[in-house]
Amino acid sequence: MDHCVFCDIADGKLKAKILYKDEKIMAFYDLEAVAPIHFLVMSRAHIVSVKAINKENSSTVSGIFEVIAALAKKLELVDGFRVVANSGKLAGQTVNHLHFHVLGGRVFEWPPG
Ligand code: 5GP
Ligand code: ZN
């Protein structure tokens, strides 16, 4: 496997502004925020993208969504927020380690660009 920057964050080898951590899941602020609130929630174990979700790892994915719901509440994203998982080259995925962007604090267009 190629070097993975999010595995480094999961292992504590690379610093991040952490919002949540347990043995399977981690949430941290995006380095290049595109909204007033922009954080990422990921599996600490390496999963490539949405295409690699299966019966073995899907409980981690449901756990990720529980963390998203809890953090949205904690950060008072009461008027709405967007959850995005760029999956693969055409979608603009740049880090090949499954993660969900949580974006809040502004209006988001639909359909997206
Ligand atoms: P993707 O493009 O794969 O959907 O999302 C990757 C995200 O990770 C980007 O929004 C990028 O700003 C963020 N990112 C890349 N490297 C780092 C890093 O080292 N630390 C943090 N906190 N975010 C990163
Ligand atoms: Zn990884």
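A residue is counted as near a molecule if one of its heavy atoms lies within 4 Å of it. In the predicted model described here, the residues around ligand 1 number 17, and those that come nearest are Y29, D30, N86, T94 and H101. By residue class, the shell around ligand 1 comprises 9 nonpolar, 6 polar and 2 charged residues.

Several polar atoms of the protein backbone approach the ligand. A polar backbone atom of Y29, one of the nearest residues, is found 2.9 Å from a nitrogen atom of ligand 1. For L31, the distance between a polar backbone atom and a nitrogen atom of ligand 1 is 3.3 Å. An oxygen atom of ligand 1 is likewise placed 3.2 Å from a backbone N or O atom of G92. Ligand 1 would expose 520 Å² if taken alone, and the protein buries 84% of this area.

The location of the ligand was also examined in terms of pockets and secondary structure. The largest pocket is the site in which ligand 1 sits. Two or more residues of the shell around ligand 1 are given by each of the elements α1 (5–10), β2 (25–29) and β5 (99–104). Of these, α1 gives the most, contributing 3 residues to the shell.

The relative accessible area of E76 is 62%, so E76 is classed as exposed. V78 also counts as exposed, because its relative accessibility is 72% and the cut-off for this class is over 50%.

Most residues other than glycine have a negative phi, and most peptide bonds are trans. E76, although not a glycine, has a positive phi of about 60°. The peptide bond from W110 to P111 is cis, its omega being near 0°. P111 belongs to the segment after β5, and β5 (99–104) is itself among the elements that give two or more residues to the shell around ligand 1.

Key. Residues are numbered from 1 along each chain as its sequence is written. Chains are lettered from A and ligands numbered from 1 in the order in which they are written. This is a predicted model: local features need pLDDT of at least 70, side-chain atom pairs count only at pLDDT 80 or more; totals for chains, interfaces and linings use all residues. Side-chain values use heavy atoms; hydrogens and water are left out. A polar contact is a pair of N or O atoms within 3.5 Å; within protein, one must be able to donate a hydrogen and the other to accept it, and residues adjacent in sequence count only if both atoms are side-chain atoms. Accessible areas come from the Shrake-Rupley method with a 1.4 Å probe; for residues, only the protein chains shown count as cover. On a 1 Å grid over the protein atoms alone, a cavity is a set of points where a 1.4 Å probe fits but cannot get out, and a pocket is an open set with protein on both sides within 12 Å along at least five of seven lines; lining residues have an atom within 4 Å of a point. A molecule sits in a cavity or pocket if more than half of its atoms lie within 2 Å of its grid points. Helices (H or I, at least four residues) and strands (E, at least two) are DSSP runs, numbered from the N terminus. Ala, Val, Leu, Ile, Met, Phe, Trp, Tyr, Cys and Pro count as nonpolar, Asp, Glu, Lys and Arg as charged, and the others, Gly among them, as polar. Buried means under 20% relative accessible area, exposed over 50%, partly exposed in between (1.4 Å probe, protein chains only).
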